[in-house]
Amino acid sequence: MTLTSSTHDTSSQTLLEGIAIAANQLLVIEDDRDAVQQALVSLGRATETDRIYVFENHPHPETGVPTISQRWEWVARGITPELDNPNNKNIIWEEMLPRWYAAFLEKQTISGLVKDFPEGEREFLEAQGIQSILLVPMRVRDTFWGVIGFDDCRRERIWNEVEQAALTALAGTVGGAIIQRRTDAQLKQLNQDLERRVGDRTRELQREKEKAEQRSRELERALQQLQQAQTQLVQSEKMSALGQLVAGIAHEINNPLNFIYGNLELVEEYTDGVLELLAAYDRSYPEPTAELQDLRDDVDLEFLQQDLPAMLNSMRMGSERIVSIVRSLKTFSRADDSHRQAADLHVQIEDTLTILKTRLVREDSIQVLRDYGALPLVNCSTGQLGQVFMNLISNAIDSLEGVDAPTIRVRTRALGGAVSIAISDNGAGMSAETQAQIFNPFFTTKEVGKGTG
């Protein structure tokens, strides 16, 4: 039987771009389950597997021993889903899959052809129609959190080391995103409980106001301080988690990418030298032997001389595109960094637009009009400022749903010793009532679970 490598018709660039899109979806999609599901869809398209799923570790509900259960799944057309399979719930590691458990604790992946697996594992996998598999441990804060798996049910595939390394980096990102979104949900509930308690306490203070006006003012000041502290806590935790989420995958991609991109110039130089040498041979020996002429015809030398430089140029453009994506992710990952430095605000804006590119294209092909003036370098916290741009442009995208010719305009100007940045859209805008509340902590016009204010 002929084995098919996972790179059969999927380039490394396609895989890396698919991973970048999945990571972006984990960042920008508000709904917890939808974010992970959309990320799995993007990975399915990029890897061309038949089934992708996420299992989560948890204590057994009765005995408390280490157990794992399936939580998410994406399947290709024609492939049977396994999400509701009871055999994929409450799997006790030591009883069912001790070899896998030991490997995952050592940060190792499990991959190969199912027919080559031990009998017990083979029976478990073949029952789900799997021919080859890649299982990647998901580690969050150096803890084994769960597993993300890639099944091939219609062919046999061998995953190479580069693909496994890239997917390993993404696995931690997925686990971190899930944990962070659960934390956000808990914070949201905490905020709602706090607002309810604040309302109850405020009404109580109103009833006591006639008896003790001074006491009411003191409690009001304490309430304001509590709200400010809570706002700072929510923002700090969110930015810290988002930074860790993005920095992990950006770091893992950056090292092999720098090697590839750094060597492209040498490859072009070597190629030019070889082509010059061949041209010199043509000039010195214009009448090649019959054997050389046949070989020249077989390899289609004239075509290679034209196509090879163009191919290398395409590889350079693709590498530069990935470098831009990674740079944008690294910039966004520093959103919780309070260190101030001189920064080019136009670069900050472009990095944000790069991260949101998939939403700009998907949401009715939103046009972005840039009206940039000459700006000096600005001493600022680049990570926090990037988060401001992310929120403003994301909200602009949300407001353009259903708008004909949706447009976002970004205008920058230098004003003496200050700069002006205006981000506008041609959506419906805000009512006067909404504008009056935009600086209130936790105020939002979005549905529950869609925004924190």
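Modeller: The account below begins with the basis of the values, turns to the patches, and then takes up the chain and its salt bridges.

The model is predicted, and local features need pLDDT of at least 70, side-chain atom pairs count only at pLDDT 80 or more, while totals for chains, interfaces and linings use all residues. Residues are numbered from 1 along each chain as its sequence is written, and side-chain values use heavy atoms, with hydrogens and water left out.

Glu291, Asp294, Asp297, Asp298 and Asp300 form a negative surface patch. Patches consist of residues with over 30% relative accessible area and no salt bridge, like charges being joined within 9 Å and nonpolar side chains (Val, Leu, Ile, Met, Phe, Trp, Tyr) within 5 Å. Asp and Glu count as negative and Lys and Arg as positive, whereas His and the chain ends are not counted. The place of a charge is taken as NZ of Lys, CZ of Arg, CG of Asp or CD of Glu. Asp298 is exposed, with a relative accessible area of 66%. Buried here means under 20% relative accessible area, exposed over 50%, and partly exposed in between (1.4 Å probe, protein chains only).

Helix 8 also takes part in a nonpolar surface patch. Leu292, Leu295, Val299, Phe303 and Leu304 make this patch, which covers about 450 Å². Helix 8 and helix 9 (301-333) are the elements that give two or more residues to the nonpolar patch, and helix 8 gives the most, with three residues. Val299 lies in helix 8 and, at 39% relative accessibility, counts as partly exposed. Accessible areas come from the Shrake-Rupley method with a 1.4 Å probe, and for residues only the protein chains shown count as cover.

The chain as a whole has 13 helices and 13 strands. Of its 453 residues, 40% count as buried, and its accessible surface comes to about 25400 Å², with 51% belonging to carbon and sulfur atoms. Among contacts (heavy atoms within 4.5 Å) between residues at least 6 apart in sequence, 69% join residues at least 24 apart.

A search of the whole structure finds 18 salt bridges, each being a side-chain nitrogen of Lys or Arg within 4 Å of a carboxyl oxygen of Asp or Glu. In one of them, the side chains of Asp50 and Arg154 meet at 2.7 Å, N to O. Asp50 lies in the loop between helix 2 (32-47) and strand 2 (51-59), and Arg154 in the loop between strand 7 (143-152) and strand 8 (157-158), so this pair ties together parts that are 104 residues apart in sequence. Asp50 counts as buried at 5% relative accessibility, whereas Arg154 counts as exposed at 52%.

Arg157 and Asp152 also meet in a salt bridge, at 2.9 Å, N to O, and both residues are buried. Another salt bridge links Arg201 to Glu204, with the closest N and O atoms 2.5 Å apart. Both lie in helix 6 (residues 161-208), three residues apart, about one turn of the helix. Arg201 is partly exposed at 34% relative accessibility, and Glu204 is partly exposed at 28%.

How values were computed
Helices (H or I, at least four residues) and strands (E, at least two) are DSSP runs, numbered from the N terminus.
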